[in-house]
Amino acid sequence: ALFSYPDRAFRGRFTSLDFKRNEIVALITTYFQFSRSIEDIGVFRAMYQNLVTDWRASNAAPTIT
């Protein structure tokens with residue numbers, strides 16, 4: 001388990017949390033992947049917006065001059 005404590009750890013306050021090295025690495029890796037996913041959502045949103053803008057421009061009704 002990522003965070004496992006004996007039952008006695010839950011009787012009082014959480015005065016000290018004993019994180020193992022692997023748990024810290026997993027937490028940092030998860031944060032990194034989550035922030036990259038949020039960044040990628042912005043990239044895909046911009047790509048989609050460009051696609052829609054280009055499509056609207058190519059399908060616009062011709063203007064009479």
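What percentage of the 65 residues of the protein chain count as buried?

1. The answer is 3% of the 65 residues. This is a predicted model, and the percentage should be read with that in mind.

2. The protein chain holds one helix and zero strands. Helix H1 covers residues 21-58, and Glu23 lies in this helix. Ile24 is found in helix H1 as well.

3. The accessible surface of the protein chain comes to about 6600 Å². Carbon and sulfur atoms account for 60% of this surface.

4. Glu23 deserves a separate point. Glu23 is buried, yet this residue has no salt bridge. The nearest side chain of opposite charge belongs to Lys20, 5.8 Å away. A salt bridge requires a side-chain nitrogen of Lys or Arg within 4 Å of a carboxyl oxygen of Asp or Glu.

5. Lys20 does come up again, through its backbone. The backbone nitrogen of Lys20 lies 2.9 Å from a polar atom of the Glu23 side chain.

6. On the surface, Phe19, Ile24 and Ile28 form a nonpolar patch. Together, these three residues have about 260 Å² of accessible area.

Technical notes: Residues numbered from 1 in each chain as written. Predicted model: local features only at pLDDT ≥ 70, side-chain atom pairs only at ≥ 80, totals over all residues. Heavy atoms only, no water. Helix = DSSP H or I, 4+ residues; strand = E, 2+ residues; numbered from the N terminus. Buried < 20%, exposed > 50% of the residue type's maximum accessible area, 1.4 Å probe, protein only. Lys, Arg positive; Asp, Glu negative; His and termini not counted. Polar contact = N/O pair within 3.5 Å; in protein donor to acceptor, adjacent residues only side chain to side chain. Patch = residues over 30% accessible without salt bridge, like charges linked within 9 Å, V, L, I, M, F, W, Y side chains within 5 Å. Areas by Shrake-Rupley, 256 points an atom, 1.4 Å probe, with all protein chains shown as cover.
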